[in-house]
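Here are some notes to read alongside the model. Take them in order, with the structure open next to you.

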Amino acid sequence: MRRGRRRVPAAPGLGLRLTAAPREHRGERPGLLVSSVANPFAALVHRGVEEVAGEHGVAVLAASLDDDPETETRMVETFLQRRVDGLVLTTVRRDQSYLAPERDRGTPMVFVDRLPHGIDADAVVCDNVDGAARATHHLLAHGHTRIAFLGDLERIQTARARREGFLAELARADVAADRATVVMDLHDEESAERVVVELLAGDDPPTAILSAQNLVTNGTLRALRRLGLAHRVALVGFDDVPLGDLLDPPVTVVAQDPREVGRLAARRLFARLDGDTSPFATTVVPTTLLLRGSGEIPRAR
């Protein structure tokens, strides 16, 4: 893990007004906002926060934002009305400057998985650009140049970062961008399965796939098995998937450590609550490329 420092200039407010009790009347627990508790990644972030909160003898008030900007602000306001001690936040809005007044009133906050914009604050994130670049490099090393990138919702910061890493690695390898296919706004298994089936039925189908989200990977796996191509089309997923090592072939993934992300964020939050006034910091948790088999399928000659 490496630590970085960042200062983000304040951005104009969005006209949002959050109501909250004065700082001295807050309760004894943190509020945690994750993308969706149904997603294994978010569930493990939740678990990590919960473990550290338990060490401090407090419970966690948690909610899902379902990657909806309006839900983000509504749930943050709900947390503040319930007088939480501090906030651990996964956000989806393009700008979080609406939280600056609350931060200035003394409410500590740590952003997880996605960096905040328009506000200077602590954050714990994974190295999405580098992880996607290494996955792309791995597929290129096995002879693939016709690679499909399947990304999450365009409005999600991590989805854009992973696409950036993918395209940057193609450029470094001098592979023409038009050899690749980029499909964004895939957010569930069904949409991913449908798109993969369509791509592989095309005139110039990809020989490899980088599925940049765990649910998208699940849909891709379903499509490959449905078409009988699981041993012919290479696949690297971003995020591990349950039982991925037991499939045939086992799934090569860029693994994150969401539980550690949650633990680090919670420790930072409680340090702030204990009086830590050091400069805001961004902690970047590295990813790990787990080579299992699906990503090592060579391009068919």
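Which element gives the largest share of the lining of the largest pocket? Helix 5 does, with three residues. Before going on: this is a predicted model, where local features need pLDDT of at least 70, side-chain atom pairs count only at pLDDT 80 or more, and totals for chains, interfaces and linings use all residues. Residues are numbered from 1 along each chain as its sequence is written, and side-chain values use heavy atoms, with hydrogens and water left out.

1. **The pocket.** About 270 Å³ of space lies in the largest pocket. A pocket here is an open set of points on a 1 Å grid over the protein atoms alone, where a 1.4 Å probe fits, with protein on both sides within 12 Å along at least five of seven lines. Lining residues have an atom within 4 Å of a point. There are 22 of them, and Ser-35, Asn-39, Asp-67, Asp-152 and Gln-213 lie nearest the centre. Helix 1 (40-55), helix 5 and helix 7 (214-227) are the elements that give two or more residues to this lining. Helices and strands are DSSP runs, numbered from the N terminus (helices H or I, at least four residues; strands E, at least two).

2. **Strand 7 and its neighbours.** Look at residues 147-150 next. Both faces of strand 7 are covered: Ile-147 and Phe-149 on one side, and Ala-148 and Leu-150 on the other, are all buried. Buried means under 20% relative accessible area, exposed over 50%, and partly exposed in between (1.4 Å probe, protein chains only). Strand 7 runs parallel to strand 9 (residues 208-211), with four bridges joining them, and Leu-150 stands opposite Ser-211 there. Three bridges join strand 7 to strand 8 (residues 181-183), also parallel, and here Phe-149 faces Val-182. Strands pair if DSSP finds at least two bridges between them.

3. Asp-67, one of the residues nearest the pocket's centre, meets Arg-114 in a salt bridge (2.7 Å, N to O). Asp-67 lies in the loop between strand 3 (61-64) and helix 2 (69-81) and Arg-114 in the loop between strand 5 (109-112) and strand 6 (122-126), so the pair ties together parts 47 residues apart in sequence. Asp-67 is buried at 3% relative accessibility, and Arg-114 is buried at 4%. A salt bridge means a side-chain nitrogen of Lys or Arg within 4 Å of a carboxyl oxygen of Asp or Glu.

4. **One more pair.** Arg-105 and Glu-102 also meet in a salt bridge (2.6 Å, N to O). Arg-105 is partly exposed at 42%, whereas Glu-102 is buried at 1%.

Note on methods. Grid points are joined across faces, edges and corners, and a volume is the space filled by probe spheres set on the points.
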